[in-house]
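The following report concerns the structure shown below.

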Amino acid sequence: MHHGQFLYQQVIDVINEMVTNELLTPGSKLPSLRKLAQQLSVSIPTIKQAYYQLEAQGRIYSKEKSGYFLSDHGKSTLPKRCKLSVAPTEVNKQSLIEQVYEGIHSPHCAPFGIANPVAAMSNELVLAKMMRQALKQAGSQILEYGAMDGLDRLKRQIAQRYLHMGLSVSIDDMVITNGAQEALAIALQCVTKPGEVVAVESPCYFGIIELIENLGLRALEIPVCPDDGLWLEDLEKALNEHEVSACICSTSINNPLGSVMPESRRQALLEILVAKGVTLIEDDVYGDLHFSKHRGKPAQYYASEGQVITCDSFSKTAAPSYRVGWILAPGFAAQARRFKRALSCSSSLINQWVLADYLASGDYERHLRKLRQRLMDNKQKMLMCIRSFFPSDVRVSDPGGGCVVWLELGSDVDGGELFKLAMAEGVSITPGQLFSVSERFQNCIRISYGLPWNDGVEANIKKLGDLVAKLKSGEH
Ligand SMILES: Cc1ncc(COP(=O)(O)O)c(C=O)c1O
């Protein structure tokens, strides 16, 4: 069993392995709680927790006095593996992204289209108090331009957090940015020139797709496994066939699949890229929102200078409106500073100040613990609602962290059409097409569970499920 995971998750992994190896097939009986507890040397409540979770996902079902059985969905509820691109693609997605962006930010819609995990566990009172304190203590200097590459006190707090992950970083290699988006823009400009090729995840966060288009780069789509992150065999094959300048990917938790790349695969990813002289740009914005017991180490931990550029922010954990992120770029620090100065001079000093206080007080870590728990609870509820309200052939991801689920609706449902119908009913979703530089994922959608859970949320998921059923039956 793997270290660093909750025990029940490890039990789920064992069951998954039995299914993969066809030791369990649909309809077959799972080992009894007592027997499996003995075999795996864990407690019966741990096995129970794993079985409850599998039951909530519709993968197993219980029969009174008989035990648990693998359901028909047991084998195939996760999204399918997509194909490796045959060639790099020019990117032309901006106008579609623009249309969807406007829609999903409409204040009148249930915000399933926005990935804002902090909304699930508000921290506004503590941040408001810290903002008042900061203004009182620092006076008007806090409203002036800050240092171009960021507030040292905040950088030291960030470095301290890396130290807890076992990674010793120099604050001279770090530049504070306007969110992770600016960090990614800087990273790409450090290691690519227009026309060059960047390997991206498939599906890939659409902000990265938009950046690639804006910078005149081309993209090569590498499939992401719903469990383990980027398919490394595909990456290797792609690098053998094409000249690639950088690989940009989530080494922790992918958006939108929620898959988690195990640490051994992060190391293997780096080895593959280093062998080809390709820089890894790691997007770690969801790294702190893991559902396993421990946060994995960023790929930067395994790298020598110049091999990895890490991009991260406080948008998914503290407050997206602060627009505070950072780039950690050993080997590229001078270029990163130059790009930052050219792009935006500096980032908001008052927001950096508040974040430095937030981290130093220990309140940030306390908030993170609560936020992770809330998101885990919301994920379970979301999966349960999808199983109850969506047609049974819909496949859904089982994220290992973050705040979104990815749904494959079947070839008879177009995610773009569903987006329009759902918006008309006051519900926002993100259509799958946004997550591909080509025409993939037309029958997929992303839904966020990063929101305060209430009956209204469930009613809106039901609305979505009903719409999908109507599209399938040809009623719409
Ligand atoms: C995977 C990923 N990377 C980067 C970003 C951008 O983060 P920020 O809001 O800090 O610019 C997002 C935001 O949604 C994201 O999901």
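Which residue just after helix 11 takes a positive phi? Cys 345 does so, with a phi of about 60°. The model is predicted, so local features need pLDDT of at least 70 and side-chain atom pairs count only at pLDDT 80 or more, while totals for chains, interfaces and linings use all residues. Residues are numbered from 1 along each chain as its sequence is written, and side-chain values use heavy atoms, with hydrogens and water left out.

**Helix 11**

Helices (H or I, at least four residues) and strands (E, at least two) are DSSP runs numbered from the N terminus. Ala 333, Ala 336 and Lys 340 are buried in helix 11. They lie on the same side of helix 11 because they cover an arc of only 55° around the axis, the arc being that of the directions from the helix axis to the C-beta atoms. Buried means under 20% relative accessible area, exposed over 50% and partly exposed in between (1.4 Å probe, protein chains only). On the face turned away from the buried side of helix 11 are the exposed residues Arg 338 and Ala 342. The buried residues of helix 11 pack against the elements tabulated here.

| Element | Residues |
|---|---|
| Strand 5 | 174-177 |
| Helix 7 | 179-191 |
| Strand 12 | 325-328 |

Four strands form an open sheet in the order 13-14-17-16, with antiparallel pairing. Strand 13 (395-396) and strand 16 (430-431) are the edge strands, each pairing on one side only. Two strands pair if DSSP finds at least two bridges between them; strand 13 and strand 14 (residues 404-408) have two bridges in the antiparallel sense. Val 396 stands opposite Leu 407 in strand 14.

**Domains**

An automatic or database domain assignment gives domain 1 (7-75), domain 2 (96-120 + 369-473) and domain 3 (124-364). The C-alpha centres of domain 1 and domain 2 lie 27 Å apart. Their contact (heavy atoms within 4.5 Å) takes six residues from domain 1 and eight residues from domain 2.

**Leu 289**

Leu 289 is found in the loop between strand 10 (279-283) and strand 11 (308-313). Leu 289 is buried, with a relative accessible area of 0%. Leaving aside neighbours within four places in sequence, its contacts include Pro 117, Ile 253 and Thr 317. The C-alpha atoms of Leu 289 and Thr 317 are separated by 7.6 Å, although these residues are 28 residues apart along the chain.
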